[in-house]
Structures are given as structure tokens and as C-alpha cells.
Amino acid sequence: MIFYLIGIKGSAMSALAKILYQQGHMVTGVDVENDFYTMKNLENISLENFNNMQLKRHYFYIIGNAYKNHSVTNYIKHMKYYTLEYPQFLTKHFRKKSWICVAGTHGKTTTTKMLATLLPNSTCLIGDGSAQENKKGPFIVEACEYRNTFLNYNPSISVILNVDYDHVDFFKSKEAYKASFITFVKQSKISIINGDEFDYRGSNVITFGMKQGNDVVFTYSKGTVTILRKVFNLPVMGEKYAYDFVGAYLAAKLSNCRDWELQQRISQFTMPKRRYEKKIMKEQTIICDYGHHPAEIKAIYDAVKEEHPKQKVICIFEPHTISRLQCFIEDFKTTLSLFDECYLYALFSSVREAHNLVLEKQLYKYLDFPLYDYTAKTKLLSEKNIVLCFMGAGDIDKAYQEYTENLHRVV
């Protein structure tokens, strides 16, 4: 089979391309010319740009979620080529496997990679563009709520990490957002839910959390999780990651894994790309993280302070979508004010909405944080004993890479 992926550089699509290639298929695809961190290990796959495509009738076209209304997609459908959108393709291609879906406003990528580590015999699509393929084990996938994509799936096990209102350009109220998650839970045979964050209960639900009243109660202290009378030492600190681990752990237990195996495997876990990615250079700790929602930024801040309680913590934040920034402007201001210093990077305008420069300037003025410019960068390069967090869901990783390269040259 020859698969042609529209939007092949997207996090989910690039991971799918790698799995299909590992399965022995011919894979090609098209996307914008920009380089993205998701392109790692795509070297053996032919990539085209929208100005130079070779579309053929015998290709099987897979349409990425961000390109459902693109002119190329419309052309392919008009020509009646064999086409499926990303979630429908997953449902068809992996229909013989037992599915484990990881859902929630944030933490999906980290938890999915934890599950991939705990279940090494699985096939897994990970949201940093990485993947693993195995013919025998379950299929593990991040189930994104945006545009109700996850309602295409009926998993054997779902893990719900949190339900903090988001994607305000699609979900018009908190109630609508929560209702979609409830529908997804009902479509799952078993649903493992963070009961401290999500109050839904049902006959197919197992809740976990640190609060009494959950089906499974765990404790956390400085990288150590105690659950079901077993102690697990995590390779990463932070209460946020403890919740991610417990969700993954319970899904692995339902997949008949033993505790000694899980302890051995979690010790080998490494964070996904752009999830608490860390470098230590010249008396500075530099972190790059995908956090772009106020609740997620707060969780990252707490993790940093737990690990570096006495150091100055500085944030360089890239807002992702103007609708999210506008809706949560007060929460963003409160959360970003926790840091000792905060600098704003240019807003990342998603293909899902028009760029409104006037509104962006108004929102930046209200936040009242300085811009991350040459002067700010020069000042930060000279500082010592600081933790510097680059955060956002756009291309903030480029600023992170540039900064570390500049810091390397500082005498």
C-alpha cells in the first residue's frame, strides 16, 4: 500500500507515518516547508510541499485534522481518490487491536509515552511525533477532544487525566466541553478517571487521586508514588507527573502487568520531546515545555519549584491561539505572575483561526509583561543560578534552541 499523508509534519500524522513505514508500507506526504521537531526519523519518507506535489490516483490519502478543509483535500475528494480522515483511518487500520486511549486537557503526551514504556509490546502514537510498533500488543493513542475527534473511538480502556475547559473556538461553554468527555467515557468499556479533577462517575469508571473517596488513592512525595501498597520512584519530579503515572499504571495493571515489571520499566522512562525538556548550562537550567493552558503552566511552575526551590524561575511564554488567550486572560495573568519574571513571545496563530493583530496587542498590553526581545535575551544570558522556562504550543522551541546555542558561546 502507498499512503500519502496530508499534513505529515503534524505531531499525530508524523507518528502515524513512522508506524506505517515500520509496518513495511510505502509512505509519502505533504506539508508546509517549515521544519518542525516532529520530523525526526522521517528521513526515509519522501516529503513534498504544497507547491510541488505529485498526486496519484492509486495513493491512499490520509487527511490530517488541521487540513480537513484545505484546497488540496478538496481537490482529492473532488477527484474521488481513496481518502480517509485521520481518526477514521486509525479506526479502520487498527480495528483488530485492543485500544487504550489517553484523553484530557493536558498531560496526554507524557502519559501516552509512560504507557508505551510500561507496555513495550504495544503499538503507540505519541504526541511529540514519536511512535513504536508491535504486532502483538494493544494500540495506544492520544485521544484529542478538539472538534470531538475522540468521539470517533470506542476504546477498551480510556484514561481521563483532567477536564479543564479549553478549545473555546469550538466548545462554546464549559458544560459542552465536559459533556463531550462524558460521552467519550460512555463509549469506553472501562474508563480510568482522575477523580480529583473530574467528578463524573459510572458503572464502567475507576477513579484515582490523592483525595479520599476515589476507588484508588495514592500519595506523592518528591518523586515517589505509593499506590496499592507499592512504592514507585519516578524519574521526574512533580505532582503533575505523579497523576500522569498513576493513570498509566492503572491502564497497565488492567493489561495484566506485574508491579515489579512496571517499576523496572518506569525507571527507563524519558520525557517526550518538548515536555519538561531540560538542559543545564553555564549555571542556568533551561526548560522547554509545550504548556499553553493556564492550569498546565501552573503545574509546570509547581514542578520546577519542587525541583529548584531556591532558584529564581523565569518564564518566556508563547500564547497559542488568540481565542484561548482572550478567554483565559485573567488566568494567564495570575499564573504567569507566579514566576519571578515573565517575558512574552509573539503569539502563535493557528490555522484554525484568523490572526487579529489589534486584539493581540490589546491582550498583551493587559497582561503587562515585557516582550522577549534582543535586550531581554541579552540580559538573561548574563544571569546565574536561574531556571528559564520556554513554554508554548507553537514554535517556541526555536527560541529555546537559539538561546541555548547563544548561551554555549557566552564566555
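This is a predicted model: local features need pLDDT of at least 70, side-chain atom pairs count only at pLDDT 80 or more; totals for chains, interfaces and linings use all residues.
Residues are numbered from 1 along each chain as its sequence is written, and side-chain values use heavy atoms, with hydrogens and water left out.

**Cysteines**
- The disulfide count by this rule is zero.
- Cys 144 is in no disulfide, and the nearest cysteine sulfur, in Cys 101, is 12 Å away.
- Cys 315 is buried at 0% relative accessible area, whereas Cys 144 is partly exposed at 30% (buried is under 20%, exposed over 50%, partly exposed in between, with a 1.4 Å probe and protein chains only).

**Overall build**
- The protein has 13 helices and 20 strands, taken as DSSP runs (H or I of at least four residues for helices, E of at least two for strands) and numbered from the N terminus.
- Its radius of gyration is 21 Å, close to the 22 Å of the globule rule for 411 residues, so the protein is as compact as a globular protein of that length; the radius is taken over C-alpha atoms, and the rule is 2.2 Å times the number of residues to the power 0.38.
- The C-alpha trace spans about 55 × 55 × 45 Å along its principal axes.
- Of the 411 residues, 56% are buried.
- Of the contacts (heavy atoms within 4.5 Å) between residues at least 6 apart in sequence, 65% join residues at least 24 apart.

**Helix 4**
- Helix 4 (residues 108-118) has 11 of its 11 residues buried, so it is largely enclosed by the rest of the structure.
- The buried residues include Lys 108, Lys 113, Met 114 and Leu 118.
- They pack against several elements, among them strand 6 (99-103), strand 9 (139-142) and helix 6 (239-254).

**Two loop residues with positive phi**
- Most residues other than glycine have a negative phi.
- Lys 222 has a positive phi near 50° and sits in the loop between strand 13 (216-221) and strand 14 (224-227).
- Tyr 276 also has a positive phi, of about 50°, and is in the loop between helix 7 and strand 16 (277-281).
- Lys 222 is exposed, at 67% relative accessibility, whereas Tyr 276 is buried, at 5%.

Notes: A disulfide is a pair of cysteine sulfur atoms within 2.5 Å.
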